[in-house]
Amino acid sequence: MQRIRLRYTKRGRLRFTSHRDFQRAFERALRRSAVPMAYSAGFTPHPKVSYANAAPTGVGSEAEYLEIGLADVRDPEALRAQLDESLPDGLDIIDAVEVRTPNFVERLEASLWEVRLPGVSEQQAAHAIELFLAAESVEVERQTKNGLRVFDARGAVASLTLVPSQVDVAPVGEYSATSDVRTGDGCAILRLVVRHATPAVRPDDVLSGLRSTADLAPPVPAEVTRLAQGPLDEETGTVTDPLALDRAAAQAVPSETAEPQAVASA
Amino acid sequence: MTVESVFPRLEALLPHVQKPIQYVGGELNSTVKDWDACDVRWALMYPDAYEVGLPNQGVMILYEVLNEREGVLAERTYSVWPDLEALMREHRVPQFTVDAHRPVKAFDVFGLSFSTELGYTNMLTALDLAGIPLEAADRTIDDPIVLAGGHAAFNPEPIADFIDCAVVGDGEQAVLDITEIIRAWKAEGRPGGRDELLLRLARTGGVYVPKFYDVEYLPDGRIGRVVPNAPGVPWRVSKHTVMDLDEWPYPKQPLVPLAETVHERMSVEIFRGCTRGCRFCQAGMITRPVRERSITGIGEMVERGLKATGFEEVGLLSLSSADHTEIGEIAKGLADRYTDDKIGLSLPSTRVDAFNIDLANELTRNGRRSGLTFAPEGGSERIRKVINKMVSEEDLIRTVAAAYGNGWRQVKLYFMVGLPTETDEDVLQIAEMAKNVIQKGREVTGQNDIRCTVSIGGFVPKPHTPFQWSPQLSAEATDARLGKLRDAIRNDRKYGKNIGFRYHDGKPGIVEGLLSRGDRRTGKIIRAVYEDGGRFDGWREHFSYDRWMRAAEKGLAGTGVDVEWYTTRERAYEEVLPWDHLDSGLDKDWLWEDWQDALEEVEVDDCRWTPCFDCGVCPQMDTQIQIGPTGVKLLPLTVVK
C-alpha cells in the first residue's frame, strides 16, 4: 500500500466548513476522481484516510494535513492536481509527498496563526501584546463539552508579534480582503506561534487573554488563519515544513513512482 | 442594475451562529451566473432549514432547468434558523440566496416549493426578512412575483393573501413558460405594472392568481362560489403534466453540499404518478397519470449522477418504487454495474409483497441486512378496504417470513390512526399484527431475538382525494386511541418487549388539517402565528399548538367558523370546497363515488393492470399512462482507463 501525505487549505468562506463536513467532501472527491483507495477490512469498509489536528470551524487555514492509503501506486503530484480539481475552490490541495518517515503527528509541534482584528488600531494591539507577553501566566476560560474550563493561555505562546502596516500582507483568501472595508478603522494584524499542548490553546484563547490582560475588545469577530503547522525551531520561534523529511527521503531514494506510466500499465 | 452581494455583511454574523456552513453556498454543481447577462431571474426557496431543503428534488430540478437557459438565472434560498434571523434583523441583512448571496427582493420571481403546509410561517419570515410586503396587495413594481408550487399548492387558498400566484403540477415546462411571459413583459417596458403581468400569467389557464378570483360566502360560513373578476381569466386553473420523463433527465448534476443534510445520497426519480388508488394519499391522486422513466434512461442518470457527485448511495425514487414495470431488471442491472464500487442502492417506498424481498436482497447483495419497512397503513382488514390499501394480513405474514428467512432481523411497520370510519377495534388490530409478525419471525429463524417496530402517523384528510369530505379525528380522540394501542402492546408479556412503538400526539395533525383544507380566512391565522413568533412548524421543538389555537381564535373572530369547522366536520356532496377551482384532473364526481365506495368498504384496482376506472385525469388533461416494459437490459459498463 502506497501512502501519501497531503497539505490542504480552508480558504475564504469555506473556512466555515467543519471538520466533519470536510471529511465527507474529501471522501466524495476521492470517488469522483476515481482515486484507487485502499479500504479498511470489515463489514462496512472505509477508505483509508487519517486526518491530523484539524483547525476549528470558522478559522481559515493554509496548512491542514491528512494521509491516504492507496491500493495502487500513483505519482503524488499528479494525484494532488487531480484531487484539487475535484474539490471546491477554497478547499485546495496544495502539497503532496509519498510517506517515507513515521511519526508525522508528533512532528506537528506548533502552529503559526495570523489574526486580523478589524477596527483595532495598531497602537491598541501593540499595547495589549506587551501586557500579555509580560505576564507569567494568563488564565482564560473556555466553554467545553464538559463544562467551563480554566487554563493558562500564556505558556503555550512561543511568540506574538504585530505585523507592521507598511508590510504588504497578501490577502489569503478571496474574502479576507473585505475585512477592512467593514469598519473603515484600522486593522491590526497579529502573528502568533502557539505550541500544541494539552489542553490545546487556540487563537481565540489568546484573544481572551488579550481581553483580560489589556481590555482588548475587537468590535467585530477576528479573522483567524493558520498559516503553518509543523516542527518548532525554538531558537528562531519559526514553524517549519512538516513534509520536509519525507520530501528529502524521496529525493534521496526515488521510488518506482518515478515511472508512473510504466507502473500503471503493468 | 448590478446587485451587490450581502456576503461581507453576513460573514461578520456567521461566527456567532450554529452550523455556519449552511449559509455560505459553494456546493458542488451549484451555479452562479452573471446578473447583468440575464433578464429573468428566479430565487427558489424550499421554506425549511438548509439540511432539509437542499436535497429537495423539486428545487434541484427547477434550479438546473432554469440555469441551463441562456439569459435566465436561478439561485436558491432556505429558511435561516432563529439564531441567524435575530442577527440579520439586528444588522439589517436581508434574506439572501446561498449561491451569490444576492438579496431575494432583487429577483423577478420568488418561487417557493411547499411539500407541506407547515412551511407557511417560514414563508412569512423569509418575505419579511427580504423586505417584501407580507400581503400581495401591498407589493409594488419593485417587488418580485411571489409564486407557490409543490403539493401543498393544490390548495393555495390559506396563503392566497401572501402569494401573487400558484402553479400546480409538474414545474419543469411551467417555469420556462412563465419565464417567457416575464421576459416579454419586461422587454416591452413592463406595461400595466404587476397587474398586467399577473393577468398575462392568469390568462394562460395554468397559473392561479388569487386576486383575480372573488370568494363569496354563504350565511352559514360555507363557500357560495368562487368567481373570476377579471376579463379572460378562466373559471378553473389546470395542473401541469410533463410527459416522457426521458426528455427531462434532471437533476443531471445533483448538488452536493458541504454541510450534512437529511439525505446523504443521490436520487433518481424512476417514475412519476401512482395509480394504486390509496384513498388517503394526496400525492398518488394529484400526480396522475403514471409516467415511467425507461430503464436505460435510469441507467444513464445513475451513471452520470454518480460521476458528478461522488455519492455512495443511489435512491430510486417514486411513490411506490417496486411498481416500475422493469424494477427487477433495473435493480439487478445496477447492482451488477456497481458491485465493485461499493455503491448502495435503496428503494424508499415499497409495498408489502414477497417480490419486494427478492428486490431487497438484490439491492443489499454485499451489504448489511438490518431492517425492512412496510406500510400496511391500516391495522384491520376492514380499514384497509376503506382506504383501498389492498394488502391482506396473509400477504404481510408471508412477506415477513421471507424477509426473516433471508437474514433480515428487524421489520418496521407503518400505520395511520384516525382513518375514516375507524374504531378502537381497528387500531388494536395493529398490536395483533405486530405480534403475529414476531411470532412468524421466531418460527422462521428459530430465534427469540426478533424486532418489530410499529410507527404511527395521524391521518390528515387532504384536498383532491376521496377523503376530502371526511371528518378528521380530534386530537383528544387520537391520543386516546393511541393510548389504548400502547397499553395493548406494552402489556403483552410474550411479545411486548420485542415491539417498538413510535407515534406522535394528535395536536400537530389538527394544525396540518386546518391548513390543508383551509380557505382564505385561514390566512389570518397563519399571519397571527407568524407575528406571535411561529417558525419552523414542522419541527417538534419549535411547534406550539397553543400558539396556533390562540391565533385561530383571533384570526377567525367574526367569521362564524372555527378550527373544528375546518377539521372534524364532515362535508356534504354539494359543498363548494376551497380548492374546487384548481383542477387536478380528477373528476369530482368520481372522487365522491370513491368516497362512497370507501364507506361501503369496496376496493378499486390499479389502472395499470386493469381497465380504466374513469378517475378523469387522462381525458381531462389529454394525457395517458406511460409504462413499459421495454425489454431492454442494462449492459455492464466497460471501464475506460
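Reader: What makes strand E1 (residues 2-10) of chain A and E3(A) a pair, and over how many bridges do they run?

Author: In this predicted model, E1 and E3 of chain A are joined in the antiparallel sense over eight bridges. Two strands are said to pair when at least two bridges lie between them, so these two count as paired. One place to look is A:Arg3, which stands opposite A:Gly69 of E3(A).

Reader: Which other strand of chain A pairs with E3(A) in the antiparallel sense, over four bridges?

Author: That strand is E2 (residues 49-52) of chain A. Within this pairing, A:Tyr51 has A:Leu66 of E3(A) as its bridge partner.

Reader: Why is strand E3 (residues 60-70) of chain A described as largely enclosed?

Author: A residue is buried when its relative accessible area is under 20%. Eleven of the eleven residues of E3(A) are buried, so the strand is largely enclosed by the rest of the structure. For chain A as a whole, 49% of its 266 residues count as buried.

Reader: Why is A:Arg11 called partly exposed?

Author: The relative accessibility of A:Arg11 is 23%. Buried would require a value under 20% and exposed a value over 50%, so A:Arg11 is placed in between, as partly exposed. A:Arg11 lies in the loop between E1 and helix H1 (19-32) of chain A.

Reader: With which side chains does A:Arg11 make a polar contact?

Author: The side chain of A:Arg11 makes a polar contact with that of A:Glu62 at 2.8 Å, and another with that of A:Asp92 at 2.9 Å. A:Arg11 and A:Leu91 are 80 residues apart along the chain, and their C-alpha atoms are separated by 6.5 Å.

Reader: Into what domains is chain A divided?

Author: Domain 1 comprises 2-106 + 242-258, and domain 2 comprises 109-239. The contact between them takes 19 residues from domain 1 of chain A and 17 residues from domain 2 of chain A. Their centres, taken over C-alpha atoms, are 27 Å apart.

Reader: What area is buried between domain 1 of chain A and domain 2 of chain A?

Author: The area is about 1300 Å², and carbon and sulfur atoms give 52% of it.

Reader: Why are strands E14 (371-377) and E17 (499-503) of chain B said to stand at the edges?

Author: Four strands of chain B form an open sheet with parallel pairing, in the order E14-E15-E16-E17. E14(B) and E17(B) each have a single partner strand, so one side of each is left without a neighbour in the sheet. Neighbouring strands of this sheet are turned by 20 degrees against each other on average, direction ignored.

Reader: Which residue stands opposite B:Thr453 in E17(B)?

Author: The residue opposite B:Thr453 is B:Gly500. B:Thr453 belongs to strand E16 (residues 451-458) of chain B, and E16(B) pairs with E17(B) in the parallel sense over five bridges. On this sheet, helix H15 (residues 475-490) of chain B touches E15, E16 and E17 of chain B, and its direction makes about 170 degrees with that of E17(B). Helix H13 (residues 393-405) of chain B lies across E14, strand E15 (410-417) and E16 of chain B, at about 155 degrees to E15(B).

Reader: Why does B:Thr453 count as buried?

Author: Its relative accessibility is 3%, and the limit is under 20%, so B:Thr453 counts as buried. Leaving aside neighbours within four places in sequence, B:Thr453 is in contact with residues including B:Val411, B:Leu413 and B:Arg502.

Reader: What joins the side chains of B:Thr453 and B:Gln410?

Author: A polar contact of 3.4 Å joins them. With the limit at 3.5 Å, this pair qualifies, so the term applies.

Methods:
Residues numbered from 1 in each chain as written. Chains lettered and ligands numbered in written order. Predicted model: local features only at pLDDT ≥ 70, side-chain atom pairs only at ≥ 80, totals over all residues. Heavy atoms only, no water. Buried < 20%, exposed > 50% of the residue type's maximum accessible area, 1.4 Å probe, protein only. Polar contact = N/O pair within 3.5 Å; in protein donor to acceptor, adjacent residues only side chain to side chain. Contact = heavy atoms within 4.5 Å. Domains from an automatic or database assignment. Buried area = accessible area lost by both parts, 1.4 Å probe. Axes fitted to C-alpha atoms, helices over the stretch in contact; angles between N-to-C directions.
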